[in-house]
Amino acid sequence: MPVIETQNLSKEYSSGFSKQKVNALNDFSFSVNEGEIFGLLGPNGAGKTTLIKILLAITFPTRGNAKIFGTDVRNHKAKAKVGYLPENHRFPNYLTGEQVLSFYGRLSGMKPNDAFKKRIDELLELMKLTQWKQTKIKKYSKGMMQKLGLAQSILSEPDLIFLDEPTDGVDPIGRKEIRDILIELKSKGKTIFLNSHLLSEVEMICDRVAILNKGDLVKEGNVDDLTKAENIFAIHTVEPLNIELKQKILAIDSNAGAGENEINTEAGVDNLNKIIDLLRKNKIRIQSVSQKTSTLEELFINVIKKDNIS
Ligand SMILES: Nc1ncnc2c1ncn2[C@@H]1O[C@H](COP(=O)(O)OP(=O)(O)OP(=O)(O)O)[C@@H](O)[C@H]1O
Ligand SMILES: [Mg+2]
């Protein structure tokens with residue numbers, strides 16, 4: 001059973017005096033499986049936060065359905081095992097870090113006993129905030145606030161964690177620490193849904209991603225599959241290629257790039273195999289054959305550009 005499932009989810013906001021309509025989400029259907037780290041990507045205003053808010057019943061869809069753990073999100077029981085780090089969270093700034101966690105822990109129904117205090121200390125330690133626990137959070141840096149927010153979201157040991165821009169404003173070392181924490185949570189079987197603009201990070205930790213543009217789902221899939229550039233192959237050889245062989249390669253694929261020990265071809269699998277046969281026939285040993293990959297950022301930019309043109 002998927003942990004999150006939506007069917008034709010649509011959200012139309014009307015705002016301002018003129019009641020101008022904004023389609024924040026159009027017929028969005030997707031699912032997230034247990035134990036996955038799922039990344040939702042999209043330009044500003046694409047509808048990412050709107051989707052999280054619908055899944056948490058903070059706002060309601062205009063049409064369509066959403067379920068968490070098989071329960072309709074309108075039923076508050078769906079949220080029993082859910083943690084949430086909101087985008088631009090604003091904790092009361094007169095509280096200390098420890099008080100913030102205590103307050104939100106009690107809001108989520110945790111009993112203020114010794115185990116609860118121990119859990120808060122553990123999380124402050126994990127986030128490297130122990131020495132700041134009795135400091136009012138108005139003195140916290142942006143990165144510290146973000147880590148406190150993450151601690152808040154996992155305090156009650158939820159099975160599903162929504163993180164809206166978890167590394168926003170966090171320095172590279174802090175981002176690595178957050179990534180390691182998320183990977184550790186995944187290893188414990190937790191499901192993580194995250195919104196992020198930091199595509200290199202998403203690429204490092206997410207199993208699957210969806211790309212949203214102007215409320216439409218424009219791409220979805222496994223990160224490894226999406227970043228494999230179709231039909232672009234590189235062959236590395238042990239022996240160098242002579243001119244005669246290079247000409248024969250160009251006869252198979254006129255656009256092939258042939259260097260000293262490397263051939264690049266975009267002419268598809270059949271031509272790739274023809275080139276390999278030619279090399280083998282000429283007693284050239286093959287070191288490796290690889291399919292070229294693009295970064296998630298390159299994919300994202302191409303997908304959004306194409307969608308904006310169409
Ligand atoms: N409460 C609201 N009333 C009216 N319009 C809204 C409201 N909330 C969001 N919108 C609009 O809905 C669209 C989607 O907004 P949303 O915040 O979901 O985008 P996002 O993908 O999270 O963007 P960002 O990357 O900037 O956080 C935007 O056009 C936004 O202006
Ligand atoms: Mg947002």
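I checked Thr-49 first: at 18% relative accessibility it counts as buried, because buried means under 20% relative accessible area, exposed over 50% and partly exposed in between (1.4 Å probe, protein chains only). Glu-87 comes out at 35%, so it is partly exposed.

A note on the source: this is a predicted model, where local features need pLDDT of at least 70, side-chain atom pairs count only at pLDDT 80 or more, and totals for chains, interfaces and linings use all residues. Residues are numbered from 1 along each chain as its sequence is written, chains are lettered from A and ligands numbered from 1 in the order in which they are written, and side-chain values use heavy atoms, with hydrogens and water left out.

Thr-49 sits in helix α1 (residues 48-55) and Glu-87 in the loop between β6 (82-85) and α2 (97-107), 38 residues apart. Helices (H or I, at least four residues) and strands (E, at least two) are DSSP runs, numbered from the N terminus.

Then ligand 1. I looked for polar contacts (N or O pairs within 3.5 Å). A polar side-chain atom of Asn-44 is 2.9 Å from a ligand 1 oxygen; for Thr-49 I get 2.8 Å, and for His-197 2.8 Å.

Definitions and conventions. A polar contact is a pair of N or O atoms within 3.5 Å; within protein, one must be able to donate a hydrogen and the other to accept it, and residues adjacent in sequence count only if both atoms are side-chain atoms.
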